[in-house]
Amino acid sequence: MAQAPAGRTAGTLPLPDRLLAVATRMFAEKGFENTSVQEIVNAAGVTKGAMYHYFGSKDDLLYEIYHRLLGLQTSRLEQIANGPGTAAERLRAAAVDVLNTSFLYLDDFTVFFRSTHLLSRDRREAVRAERRRYHERFRALVEEGQREGTFRTETPADIAVHFFFGTVHQIGAWYRPGGRLKTAAISEHYVDLFLHGLEK
């Protein structure tokens, strides 16, 4: 991911990851449009030539932020969805995971939902297709629980999933680190509300 792992600063990362870490932080703080390539390379301690060796443009950095976050969350969802447990247990684990990873990579998450519209049309469509595949796999867990009789069928799975992700996508608009509630507690509250709305 673009952010430095625990125990490592952006300056100790391989150059492409360092550029992504710096760009992600700056895009989240200042906005994509208000951040220049020169500011990114200055903050990363490299030249423009070094950046262009890995990324052809500022747009490439933006796309990579989206692609990495989606890739991480999709990989984790597949592991959970294909793992052991009932549909309800796997759905809870998947819902907690998407919240936890959103909090863990909050800058990436913020950039994702603030600047999607600034991608080129082709890349915007590619990101939407990736998100759609993620939502479809997540929805399949709801549908599995409905077939098993664990979840109510009168609420369409599509509506339940759109409702859940609609609330998740607002996190970047209100959450601030250091608040009264810890992220783990927020995740549990969100997931409890979601699952209680599905259970019989």
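Biologist: What classes of residue make up the lining of the largest pocket?
Modeller: Keep in mind that this is a predicted model. By class, seven nonpolar, four polar and four charged residues line the largest pocket.
Biologist: Which residues lie nearest its centre?
Modeller: Those are T110, R114, G172, A173 and R176, out of 15 residues that line the largest pocket.
Biologist: And which helix gives the most to that lining?
Modeller: That would be α6, with six residues in the lining of the largest pocket. Helices α1 (15-30), α6 (106-115) and α9 (171-174) each supply at least two residues there.
Biologist: What volume does the largest pocket have?
Modeller: The volume of the largest pocket comes out at about 260 Å³.
Biologist: Switching topic to α8 and α10: at what angle do they pack?
Modeller: Helix α8 (residues 157-168) meets helix α10 (residues 183-198) at an angle of about 165°, and their axes are 11 Å apart. Because angles over 145 degrees count as roughly antiparallel, α8 is roughly antiparallel to α10.
Biologist: Is the crossing of α8 and α10 left-handed or right-handed?
Modeller: The crossing of these two helices is right-handed.
Biologist: Nice. Which residues make the contact?
Modeller: From α8 you have A160, F164, T167 and V168, while α10 brings Y190, F194 and L198.
Biologist: How many of those are nonpolar, polar or charged?
Modeller: The contact of α8 with α10 has six nonpolar residues and one polar residue, with no charged ones.
Biologist: Great, thanks!

How values were computed
Residues are numbered from 1 along each chain as its sequence is written. This is a predicted model: local features need pLDDT of at least 70, side-chain atom pairs count only at pLDDT 80 or more; totals for chains, interfaces and linings use all residues. Side-chain values use heavy atoms; hydrogens and water are left out. Axes are lines fitted to C-alpha atoms, for helices over the stretch in contact, and angles run from 0 to 180 degrees between N-to-C directions. Helices (H or I, at least four residues) and strands (E, at least two) are DSSP runs, numbered from the N terminus. Angles under 35 degrees count as roughly parallel, over 145 as roughly antiparallel, 65 to 115 as roughly perpendicular and the rest as oblique. A crossing is left-handed if the near helix is turned anticlockwise from the far one by less than a right angle, and right-handed if clockwise. Contact means heavy atoms within 4.5 Å. Ala, Val, Leu, Ile, Met, Phe, Trp, Tyr, Cys and Pro count as nonpolar, Asp, Glu, Lys and Arg as charged, and the others, Gly among them, as polar. On a 1 Å grid over the protein atoms alone, a cavity is a set of points where a 1.4 Å probe fits but cannot get out, and a pocket is an open set with protein on both sides within 12 Å along at least five of seven lines; lining residues have an atom within 4 Å of a point. Grid points are joined across faces, edges and corners, and a volume is the space filled by probe spheres set on the points.
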